[in-house]
Amino acid sequence: MPKVRDYLEWYLDWYAAEHPTTITKARSEVKRFIDRFGHRPIDTIRAVEVEQYKRARLLDDKAAKETVGKEIRRLKAAFNRGVEWKELDVNPLASVKAPRGVRSVAVKFYDRSAMRRLYQANTARAPLWMFMAHTGLRRGEVIGLEKSSVVAGRLLVESDPDETGAGRTKSGKWREVPLNRYAMWALRHLPDPIVSVHKDTISDWFKKDSMSAGVGGHLHRLRHTFCAHMVIAGVPLRRVQLLAGHADYATTEKYYAHLTPDGDDSAVRALRF
């Protein structure tokens, strides 16, 4: 069984090749764990030790729950990958829960003016940004998405498993999203499949266009824009959860509860940005 440091450094080399734009963040998220357990064979690490490590990060280091949660989720994913590759027999974090923050989050999203500037910054990619903003798709969900996924004016976002068993959707569940006239217009101007590049590439495209437009932000802000405007337009939080594909209602409530009036999902048709 490999030692923690040897395995995670090998994993990070693989990660750097697959995700060059987020490797710095990944290295940062596993660094402290390597410092603490790097010399140990992976199969000697007990869950209770990881729980103690997590507690020390929260209480002694005074790290935020969101920060420690990201670190634990990153480590779990790294060791899960090793198990899937049959390089490891065990994931020492399998039973460890990642802490989640409970604070209210003032989520950032684009208004109509910002979206117009984004479209004008790169007219060739405007249909893609419009489609994502009006469907709330994650970048992993739009990659390889075929137009046949639209049936009777509704987009079926399915969690088709790949060779590792991971699905397209984050929650592992399929959902339906009604397409309004903006999404339908964008779809007509997109190729089939809609995007056929690596997910980091689409993030790079968006970063470049958002900077050119002077609106800033990352690709995920389009998803926040979809959800936030739905809530503002009157869609109940429970319906937003289903349309966005949030596995946990608490996620929807945490980000968008402060925006709510009442209404129903017919408000999708009223979105204009």
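Residues are numbered from 1 along each chain as its sequence is written, and side-chain values use heavy atoms, with hydrogens and water left out. Because the model is predicted, local features need pLDDT of at least 70 and side-chain atom pairs count only at pLDDT 80 or more, while totals for chains, interfaces and linings use all residues.

Helices and strands are DSSP runs numbered from the N terminus (helices are H or I with at least four residues, strands are E with at least two). Helix 3 (residues 47–59) and helix 4 (residues 65–84) have axes that come within 9 Å and cross at roughly 150°. Here, axes are lines fitted to C-alpha atoms, for helices over the stretch in contact, and angles run from 0 to 180 degrees between N-to-C directions.

Lys 62, in the loop between helix 3 and helix 4, has a positive phi of about 55° although it is not a glycine. Lys 62 is exposed, with a relative accessible area of 67% (exposed means over 50%, buried under 20%, and partly exposed in between, with a 1.4 Å probe and protein chains only). Lys 86, found in the loop between helix 4 and helix 5 (112–121), has a positive phi of about 65° and is not a glycine either. Lys 86 is exposed, at a relative accessible area of 72%. Further along, a cis peptide bond with omega of about 0° joins Asp 192 and Pro 193; Pro 193 sits in the loop between helix 8 (181–188) and helix 9 (199–213).

The strands complete the picture. Strand 1 (residues 150–151) and strand 2 run antiparallel and are joined by 2 bridges, with pairing called when DSSP finds at least two bridges between two strands. Val 151 has Arg 154 in strand 2 as its bridge partner. In this hairpin, 2 residues lie between the strands, and Ala 152 takes a positive phi near 55°. Strand 2 also pairs with strand 3 (residues 175–178), in the antiparallel sense over 4 bridges, and Leu 156 stands opposite Glu 176 in strand 3.
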